[in-house]
Amino acid sequence: MEKDVDEVKKAQVVEARARNISHNVRCTECGSQSIEDSQADIAILLRKLIRDEIHAGKSDKEIFKKLEDDFGETVLYAPKFDLQTAALWLSPVLLAGAAAGVWAYQRHKSKNNVHIMALNLVRSVPLTPNEKQTMLDLLKPPPRPRTTPFSIWRRWQSQ
């Protein structure tokens, strides 16, 4: 009786491990489903392979490594974080940081006009708001023409 209980518990542990691994492996035929949720032939075979590997005494790590070696890294839902994938994982953060830096620089540049600060120092009397606005209007560069795909195409055609 006690032997039967131990076998049932062992079978439950094996089944739980197999389901846990199956939930983290992508179906190579479906692509968007885990092999636990998929009914494709390859998913059924992979679930059987996982159970066989567990019965053979392999660890979860060894099973994931075997699946990755056989089917490639895309079979796993959680790919490794290494030097090759670092750019992919970090690019949104780097892009947002660069955009924030450009925005902060433009904001700082528009608030601190060097020419007005120099005039204030030379005159030793601060500019009046009217003089300051006139100075800004004179020093402001003309707006750049908007770049559209059509204008790029015309420029490319003229070359």
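A search of the whole predicted model finds one aromatic pair. The partners are W153 and W156. Their ring centres lie 5.2 Å apart, with 40° between the planes. The pair is therefore classed as tilted, since planes under 30 degrees apart count as stacked and those over 60 as edge-to-face. Both tryptophans belong to helix α7, which spans residues 149-158. They are three residues apart, about one turn of the helix.

The two partners fall into separate accessibility classes. W153 has a relative accessibility of 47% and so counts as partly exposed. W156 has a relative accessible area of 54% and is therefore exposed. The cut-off between these classes is 50%.

The unreviewed entry assigns a "transmembrane region" to residues 86-105. In the model, this stretch is 100% helix and 0% strand. The C-alpha atoms at its ends are 27 Å apart.

L90 has a relative accessibility of 40% and so counts as partly exposed.

How values were computed
Residues are numbered from 1 along each chain as its sequence is written. This is a predicted model: local features need pLDDT of at least 70, side-chain atom pairs count only at pLDDT 80 or more; totals for chains, interfaces and linings use all residues. Side-chain values use heavy atoms; hydrogens and water are left out. UniProt positions are given in the numbering used here, feature names are shortened, and annotations may be inferred rather than shown by experiment. Helices (H or I, at least four residues) and strands (E, at least two) are DSSP runs, numbered from the N terminus. Buried means under 20% relative accessible area, exposed over 50%, partly exposed in between (1.4 Å probe, protein chains only). Rings of Phe, Tyr and Trp (its six-membered ring) pair if their centres lie within 6.5 Å; planes under 30 degrees apart count as stacked, over 60 as edge-to-face and the rest as tilted.
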